[in-house]
Amino acid sequence: PYLTLDEHIHLLAAVADEMWTQRGKSLPVELLQLVAETVTEELNIAVPRRVQIVERIKAHVMLPAGAASQPDHRAFDHDEFLDYFLAVRLCELLRSPVPNNLRRFLERHSLPAITARWTAVIEPWPQETILGMVASLSAMSKEEVRSTWLKQNAGLVAARLAGIGRSIEGLLFESMYFEGDDWTGSILVKASFLRCVF
């Protein structure tokens with residue numbers, strides 16, 4: 001294989017991230033190949049293999065030509081795949097030591113609720129990690145000075161993470177927006193909410 005399973009998943013997550021950035025569900029073949037080239041360079045793939053990967057991405061089984069409305073575009077076969085790989089990208093950003101990338105991701109658009117749900121269950125997040133992530137999301141929301149989707153997306157992701165961490169004590173949610181059923185199935189113990197909107 002040209003890529004390991006983890007590298008392959010990372011490539012598809014990068015494709016989903018680019019679709020998210022472009023506000024669409026498909027990408028032109030040239031842009032898709034540019035994403036593949038960027039990812040293979042980031043992963044230090046040998047140059048001859050990079051060429052093969054970049055060429056083959058336009059015929060990827062999960063990005064069939066018929067799934068996009070334009071013949072020179074590629075899209076995931078189902079919206080669920082886009083939501084899933086977008087969640088994989090969000091997991092990568094939540095684990096990253098560079099919070100600016102996560103901030104920019106959350107500022108872009110309104111995150112699908114299913115993506116937040118996937119983010120909470122793709123990996124087995126330890127309770128200490130959930131505490132740290134909610135604290136980080138709170139800090140980002142508190143620092144926001146211009147109006148973006150950050151507070152809403154941070155609230156959605158934080159609520160989903162809190163929902164899987166059964167009975168975590170002492171969670172602090174600050175300057176976040178929460179909607180509808182964000183808290184369905186959650187059990188909070190001694191949680192605090194500061195400057196949040198429900």
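Predicted model: local features only at pLDDT ≥ 70, side-chain atom pairs only at ≥ 80, totals over all residues.
Me: How many aromatic pairs turn up in the whole structure?
Reply: A search finds 12 of them. One is formed by Y84 and F85.

Me: How do those two rings sit, Y84 and F85?
Reply: They are edge-to-face. The centres are 5.2 Å apart, with 85 degrees between the planes.

Me: Is F85 buried or exposed?
Reply: F85 is buried. Its relative accessible area is 6%, and buried means under 20%.

Me: And what about Y84?
Reply: Y84 is partly exposed, at 26% relative accessibility.

Me: Why does the pair of Y84 and W118 count as edge-to-face?
Reply: Their planes stand at 90 degrees, and edge-to-face needs over 60. The ring centres are 5.0 Å apart.

Me: Which helices does that pair tie together?
Reply: Y84 lies in helix α4, residues 79–95, and W118 in helix α6, residues 113–121. The pair therefore links parts that are 34 residues apart in sequence.

Me: How exposed is W118?
Reply: W118 is partly exposed, with a relative accessible area of 27%.

Me: New topic. Which residues do ring pairs link into a cluster?
Reply: F173, F178, W183, F193 and F198.

Me: Where is F198?
Reply: F198 is in the segment after β4, which covers 192–194.

Me: Is F198 buried or exposed?
Reply: F198 is exposed, with a relative accessible area of 62%. The cut-off for exposed is over 50%.

Technical notes:
Residues numbered from 1 in each chain as written. Heavy atoms only, no water. Phe/Tyr/Trp six-rings, centres within 6.5 Å; stacked < 30°, edge-to-face > 60°. Buried < 20%, exposed > 50% of the residue type's maximum accessible area, 1.4 Å probe, protein only. Helix = DSSP H or I, 4+ residues; strand = E, 2+ residues; numbered from the N terminus.
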